[in-house]
Amino acid sequence: MLSNLTNPTWWKDAALRALYTALAIAVPYLAASLVAEVPWLTLALTASLGFVASIVTSLAGLPEVVGVDLPWWLAAVERVVKTFAQSLAAGFIGATLITDVDWAFVLQAAALAALTSLVRLILATLPSDPSPSRLAVVELSTATLDDRDDAAQ
């Protein structure tokens, strides 16, 4: 854990992940501030707290820095659950007592932040273009089938 604090790659990846988390948390609060009476300060504080919470949870380890090769679905579940929990914790901004929390809004905002995190993760892992090696295999197998058809005639 202490080695993370001196690793520039860890700081870069942790800050990038924290930025994505803060943006995912800010989306529902931004919509609420435009439609309802949610103050802009709440939006800024909630996103900031989400950023800090993401940095803190990253201290336990970032799979992409440590080199852990998790299955895609497990990495997605881990990231979505963390974003949900960080957004839920950030939703307590401004509440003095637990009864002061608008639970319906905070849970909806946390669910939307988790969904935003999942969509961003899916978009980030989509291939940008077809692999040339796959195209070559398809062309080769098609050519092989054509050769077999010609030989059969």
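This is a predicted model: local features need pLDDT of at least 70, side-chain atom pairs count only at pLDDT 80 or more; totals for chains, interfaces and linings use all residues.

Student: How many helices and strands does the protein chain have?

Tutor: The protein chain has 6 helices and 0 strands. Read from the N terminus, the order of elements is α-α-α-α-α-α.

Student: What share of the residues of the protein chain counts as buried?

Tutor: The protein chain has 153 residues, and 28% of them count as buried.

Student: How do I describe two packed helices?

Tutor: Use the angle between their axes and the distance between the axes. Start with α1 and α2. Their axes are 8 Å apart, and the packing angle is about 150 degrees. Angles over 145 degrees count as roughly antiparallel. Therefore α1 and α2 are roughly antiparallel to each other.

Student: What is the hand of the crossing of α1 and α2?

Tutor: The crossing is right-handed. Sorted by class, the contact of α1 with α2 has 16 nonpolar, 7 polar and 1 charged residues.

Student: At what angle do α4 and α5 cross?

Tutor: Their axes cross at roughly 150 degrees and come within 8 Å. That makes α4 roughly antiparallel to α5. This crossing is right-handed. The contact of α4 with α5 has 16 nonpolar, 4 polar and 2 charged residues.

Student: And how do the axes of α1 and α4 cross?

Tutor: Helix α1 covers residues 8-35, and helix α4 covers residues 72-90. Their axes come within 10 Å and cross at roughly 60 degrees. The two helices are therefore oblique to each other. The crossing of α1 and α4 is right-handed.

Student: Which residues make the contact of α1 and α4?

Tutor: From α1 come Arg-17, Thr-21, Ala-24 and Ile-25. From α4 come Arg-79, Lys-82, Thr-83, Gln-86 and Ser-87. By class, the contact has 2 nonpolar, 4 polar and 3 charged residues.

Student: Let us pick one of them. Is Thr-21 buried or exposed?

Tutor: Thr-21 is found in helix α1. Its relative accessibility is 6%, so Thr-21 counts as buried. Next, ask what touches it. Set aside neighbours within four places in sequence. Thr-21 is then in contact with Gly-50, Ser-54, Thr-83 and Gln-86.

Student: What does Ser-117 touch?

Tutor: Ser-117 lies in helix α5. Residues up to four places away in sequence are not counted. Ser-117 then touches Ala-24, Arg-79 and Thr-83. Ser-117 has 8% relative accessibility, so it counts as buried.

Student: How many aromatic pairs are there?

Tutor: The count comes to 3 aromatic pairs. To read a pair, check the ring centres and the planes. Take Trp-10 and Trp-11. Their ring centres are 4.9 Å apart and their planes are at 85 degrees, so the pair is edge-to-face. Planes over 60 degrees apart are what edge-to-face refers to.

Student: What about the rings of Tyr-29 and Phe-105?

Tutor: The ring centres of Tyr-29 and Phe-105 lie 5.1 Å apart, with planes at 85 degrees, so this pair is edge-to-face. Tyr-29 is in helix α1 and Phe-105 is in helix α5, so the pair ties together parts 76 residues apart in sequence. Tyr-29 is buried, with a relative accessible area of 2%. Phe-105 is partly exposed, at 23%.

Student: One last residue. Where is Val-52 found?

Tutor: Val-52 is found in helix α2, residues 40-58. Val-52 is partly exposed, with a relative accessible area of 45%. Val-52 and Leu-19 are 33 residues apart along the chain, and their C-alpha atoms are separated by 9.5 Å.

Notes: Residues are numbered from 1 along each chain as its sequence is written. Side-chain values use heavy atoms; hydrogens and water are left out. Axes are lines fitted to C-alpha atoms, for helices over the stretch in contact, and angles run from 0 to 180 degrees between N-to-C directions. Helices (H or I, at least four residues) and strands (E, at least two) are DSSP runs, numbered from the N terminus. Angles under 35 degrees count as roughly parallel, over 145 as roughly antiparallel, 65 to 115 as roughly perpendicular and the rest as oblique. A crossing is left-handed if the near helix is turned anticlockwise from the far one by less than a right angle, and right-handed if clockwise. Contact means heavy atoms within 4.5 Å. Ala, Val, Leu, Ile, Met, Phe, Trp, Tyr, Cys and Pro count as nonpolar, Asp, Glu, Lys and Arg as charged, and the others, Gly among them, as polar. Rings of Phe, Tyr and Trp (its six-membered ring) pair if their centres lie within 6.5 Å; planes under 30 degrees apart count as stacked, over 60 as edge-to-face and the rest as tilted. Buried means under 20% relative accessible area, exposed over 50%, partly exposed in between (1.4 Å probe, protein chains only).
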